[in-house]
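Please load the model in your viewer and keep the selection panel at hand. The tour below goes from one selection to the next and says what is found at each stop.

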Amino acid sequence: MKSYVFAAALALMGSPLLAGPQFVDKNDFAVSGYDVVAYRSLDQAPVGQSQPAAIPGRADITAEYNGAVFAFATEKNKKKFLKDPAYYAPQYDGHCAYGVAKGGKVPGNPNLWRIVDDKLYLNITKNVVGFWEEDIPGNLTLSEKNWISIESNAASTNAIPGFSTPAPLK
């Protein structure tokens with residue numbers, strides 16, 4: 001019996017787990033139409049400082065992943081994404097990392113981002129970024145614990161406060 005449980009655990013570790021519903025904006029794009037691959041080329045600001053603005057994707061360069069449409073600035077970025085979408089997609093299906101730490105799903109603002117341990121995280125407002133950055137490791141521990149129970153819940157349908165976007169570009 002124990003060997004079957006161990007074998008099943010090993011099989012699951014090597015298999016991608018299904019994600020919950022992706023946050024999409026009112027235009028039906030994940031990450032509000034910004035290029036998730038482009039974050040990896042931006043210079044990340046130190047904690048406590050604003051990050052560089054995200055790069056808008058284009059409406060004619062898209063790919064589907066996790067039930068959502070992602071837009072890209074270039075065909076090259078789209079190809080990179082398609083090779084490993086889970087690597088490039090934001091954590092928590094594009095929801096705010098601090099919101100997940102607090103036990104809920106609220107939208108993530110594509111311009112309020114940080115890459116931690118090679119994973120992309122979004123937050124909802126500048127004030128929330130401040131709270132999240134006070135203890136990133138502690139907040140990620142809470143987020144990971146909470147995500148297990150809320151991942152399958154419906155995606156947030158809320159608008160991102162104070163955010164408007166030109167993305168994706170036409």
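**Aromatic pairs, then a helix**

Counting rings of Phe, Tyr and Trp (its six-membered ring) as paired if their centres lie within 6.5 Å, with planes under 30 degrees apart called stacked, over 60 edge-to-face and the rest tilted, the count comes to 11 aromatic pairs. Select Tyr34 and Phe163, which form a tilted pair, 6.4 Å centre to centre with 50° between the planes. This pair links distant parts of the chain, since Tyr34 belongs to the loop between α1 (2-13) and β1 (58-65) and Phe163 to the segment after α6, 129 residues apart. Helices (H or I, at least four residues) and strands (E, at least two) are DSSP runs, numbered from the N terminus.

This is a predicted model, in which local features need pLDDT of at least 70 and side-chain atom pairs count only at pLDDT 80 or more, while totals for chains, interfaces and linings use all residues. Residues are numbered from 1 along each chain as its sequence is written, and side-chain values use heavy atoms, with hydrogens and water left out.

Next, select Tyr65 and Phe81, an edge-to-face pair at 5.9 Å centre to centre and 90° between the planes. Tyr65 lies in strand β1 and Phe81 in helix α2 (residues 75-83), so the pair ties together parts 16 residues apart in sequence. With buried meaning under 20% relative accessible area, exposed over 50% and partly exposed in between (1.4 Å probe, protein chains only), Phe81 counts as buried at 0%, whereas Tyr65 is partly exposed at 24%.

Which residues of α6 are buried? They are Ile136, Asn139, Leu140, Ser143, Asn146, Trp147 and Ile150. Show what lies in contact with them (heavy atoms within 4.5 Å), and the cover includes α4 (97-101), β3 (109-116), β4 (119-123) and α5 (126-134).
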